[in-house]
Amino acid sequence: MITQPQAMATPTPDPDEERRRIQTARLLAYRDDGPLVQALAPRLGRGLPPVPAALVALLAVAGVTVAGLPESGPMLLVPVAIALLLILPTAPRDHLGRLDWLTPPLLRGTEFLATIAIGLAADAPKWLLFVLVYVVGYHTYDTVYRTRQSIWPPAWVFRAGLGWELRLLIIGVGAAADLVMPVLAVLTAYLFVLFAVESVTSWVRLDKASAQAGADAEQDLEASPEEAMEQATGEAEKA
């Protein structure tokens, strides 16, 4: 007796494993690690626990800010060094701990506090610091909103956005070299164009795809039973 060959059953993904994978991917996206972290993470072994390290970094930067930073010179790189030494080694972790969801806000708070502290110490315009923080904050919000709808930003955006580590390095080096004003202006303009253009074009493409899917669905509903039968028959004959 000839039997119909049966297709091999595809393994059903483990729901818990899938949830853990998505949680890790989301938290890593919220971290906004740049090319430097991505290059060094595989060489750091297991790394540091993310929440304690990020919390200590935030408190240390706050302490340095309260103590006061000089107007120029290499001491302006102290907040940057604190952030890099404590937060960068947390990148290899899978971020599946019960409190690991705190890592992105602690990291972003450290980045913003260090940026403001260095900028104010170097006498940068307050409005420029506000715009830079707003641009990076918008990028973070856009990433969170997209991933919660399973719409993932492309990987190149995080590399092109330099990541928190390179943004802090650029600001710190610029301030130490007494070039904080042009460095902040160029960095802010670059990030604004990058994040705004990529975000707008992505949402426009999504809206067009949604509109096209809705139009196709309406067309299917409006088709008469005879037209639907003819279309199904034609597709079966082609197959």
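This report describes the helices of a predicted model, their packing against one another, and several individual residues.

**Overall composition**

The chain contains 10 helices and zero strands. Read from the N terminus, its elements run α-α-α-α-α-α-α-α-α-α. Of the 239 residues in the chain, 36% are buried. Among contacts with a separation of 6 or more, 85% are between residues 24 or more positions apart.

**Helix packing**

Two packed helices are described by the angle between their axes and the distance between the axes.

| Helix pair | Axes come within | Crossing angle |
|---|---|---|
| Helix 3 and helix 4 | 9 Å | roughly 170° |
| Helix 4 and helix 8 | 9 Å | roughly 160° |
| Helix 5 and helix 6 | 10 Å | roughly 165° |

*Helix 3 and helix 4.* Angles over 145 degrees count as roughly antiparallel, and helix 3 and helix 4 are therefore roughly antiparallel to each other. Helix 3 contributes Ala53, Ala54, Val56, Ala57, Ala60, Val61 and Val64 to the contact, while helix 4 contributes Val78, Pro79, Ile82, Leu86 and Ile87. The residues of this contact of helix 3 with helix 4 comprise 12 nonpolar, no polar and no charged.

Helix 3 itself covers residues 50-67, that is, 18 residues. The distance from its first C-alpha to its last is 26 Å, close to the 26 Å expected at 1.5 Å a residue. Buried residues in helix 3 are Pro50, Val51, Ala53, Ala54, Ala57, Val61 and Val64. Helix 4 and helix 5 (103-121) are included in what covers these buried residues of helix 3. Just after helix 3, Gly68 adopts a positive phi of about 105°.

*Helix 4 and helix 8.* Helix 4 spans residues 78-87 and helix 8 spans residues 163-176. From their crossing angle, helix 4 and helix 8 are therefore roughly antiparallel to each other. Their crossing is left-handed. On the helix 4 side, Val80, Ala83, Leu84 and Ile87 take part, and they meet Trp164, Glu165, Leu168, Leu169 and Gly172 in helix 8. This contact of helix 4 with helix 8 divides into seven nonpolar, one polar and one charged residue.

*Helix 5 and helix 6.* Helix 6 comprises residues 126-148. Helix 5 and helix 6 are likewise roughly antiparallel to each other, and their crossing is right-handed. Arg108, Glu111, Phe112, Thr115, Ile116, Gly119 and Leu120 in helix 5 meet Lys126, Leu129, Leu132, Val133, Val136, Gly137 and Thr140 in helix 6. The contact of helix 5 with helix 6 comprises seven nonpolar, four polar and three charged residues.

Most residues other than glycine have a negative phi. His95 has a positive value, with phi near 60°. This residue lies in the loop between helix 4 and helix 5. His95 has a relative accessible area of 0% and is therefore buried.

Asp178 also has a positive phi, near 60°. The position of Asp178 is in the loop between helix 8 and helix 9 (180-222). With a relative accessible area of 59%, Asp178 is exposed.

Leaving aside residues up to four places away in sequence, Gly119 touches Ala124 and Leu129.

Met75 is placed in the loop between helix 3 and helix 4. Its relative accessible area is 49%, so Met75 is partly exposed. Met75 and Ala175 are 100 residues apart in sequence, and the distance between their C-alpha atoms is 9.8 Å. With residues up to four places away in sequence not counted, Met75 touches Leu69 and Pro70.

Terms used:
Residues numbered from 1 in each chain as written. Predicted model: local features only at pLDDT ≥ 70, side-chain atom pairs only at ≥ 80, totals over all residues. Heavy atoms only, no water. Axes fitted to C-alpha atoms, helices over the stretch in contact; angles between N-to-C directions. Helix = DSSP H or I, 4+ residues; strand = E, 2+ residues; numbered from the N terminus. Parallel < 35°, antiparallel > 145°, perpendicular 65-115°, else oblique. Left-handed = near helix turned anticlockwise from the far one by under 90°. Contact = heavy atoms within 4.5 Å. Nonpolar A, V, L, I, M, F, W, Y, C, P; charged D, E, K, R; others polar. Expected span 1.5 Å × (residues − 1). Buried < 20%, exposed > 50% of the residue type's maximum accessible area, 1.4 Å probe, protein only.
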